[in-house]
Amino acid sequence: MLREQCKVGMHVVFGRLSGEKTKAVVLKLNPRRAKLRTLEPRAGKPEGVMWNVPYSLFDAPGVERQPEPPAYPLGLSI
């Protein structure tokens, strides 16, 4: 998600592509990361914990991200 697409109070889902996903709400927008408050428990922590998350690791609910293709072909020997 791009910073320009985010708004304070917006509900989002954050986490890595192949990892745990957590619902959260945006509290503050910073140049590189957004401050999010979780709406459910994550990583053994209760709901309501604040996380600083890069914009590349969260999306609006229901949006599926596709993995980025590798920068170079796998298995290529130089």
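Author: Let's start with a term: a charge sits over a ring if NZ of Lys or CZ of Arg is within 6 Å of the ring centre and within 35 degrees of the ring normal. This is a predicted model, where local features need pLDDT of at least 70, side-chain atom pairs count only at pLDDT 80 or more, and totals for chains, interfaces and linings use all residues. Residues are numbered from 1 along each chain as its sequence is written, and side-chain values use heavy atoms, with hydrogens and water left out.

Reader: Thanks! Which ring does the charged end of R42 sit over?

Author: That of W51, with the charged end 5.4 Å from the ring centre. K45 also lies over the face of W51, at 5.3 Å from the ring centre.

Reader: How do I read a pair of aromatic rings, and how many pairs does a search of the whole structure find?

Author: Such a pair is described by the distance of the centres and the angle of the planes. Rings of Phe, Tyr and Trp (its six-membered ring) pair if their centres lie within 6.5 Å; planes under 30 degrees apart count as stacked, over 60 as edge-to-face and the rest as tilted. The search of the whole structure finds two pairs. In one, the centres of F14 and W51 are 5.7 Å apart and the planes stand at 55 degrees, so this pair is tilted.

Reader: Is F14 buried or exposed?

Author: Buried means under 20% relative accessible area, exposed over 50%, and partly exposed in between (1.4 Å probe, protein chains only). F14, at 4%, counts as buried, while W51, at 24%, counts as partly exposed. Y55 and F58 form another tilted pair, 5.7 Å centre to centre with 50 degrees between the planes, and both Y55 and F58 are buried.

Reader: Now the whole chain: how many helices and strands does it have?

Author: Zero helices and five strands, running β-β-β-β-β from the N terminus on. The radius of gyration (over C-alpha atoms) is 15 Å, well over the 12 Å that the globule rule (2.2 Å times the number of residues to the power 0.38) gives for 78 residues, so the chain is more spread out than a compact globule. Of those 78 residues, 22% count as buried.

Conventions: Helix = DSSP H or I, 4+ residues; strand = E, 2+ residues; numbered from the N terminus.
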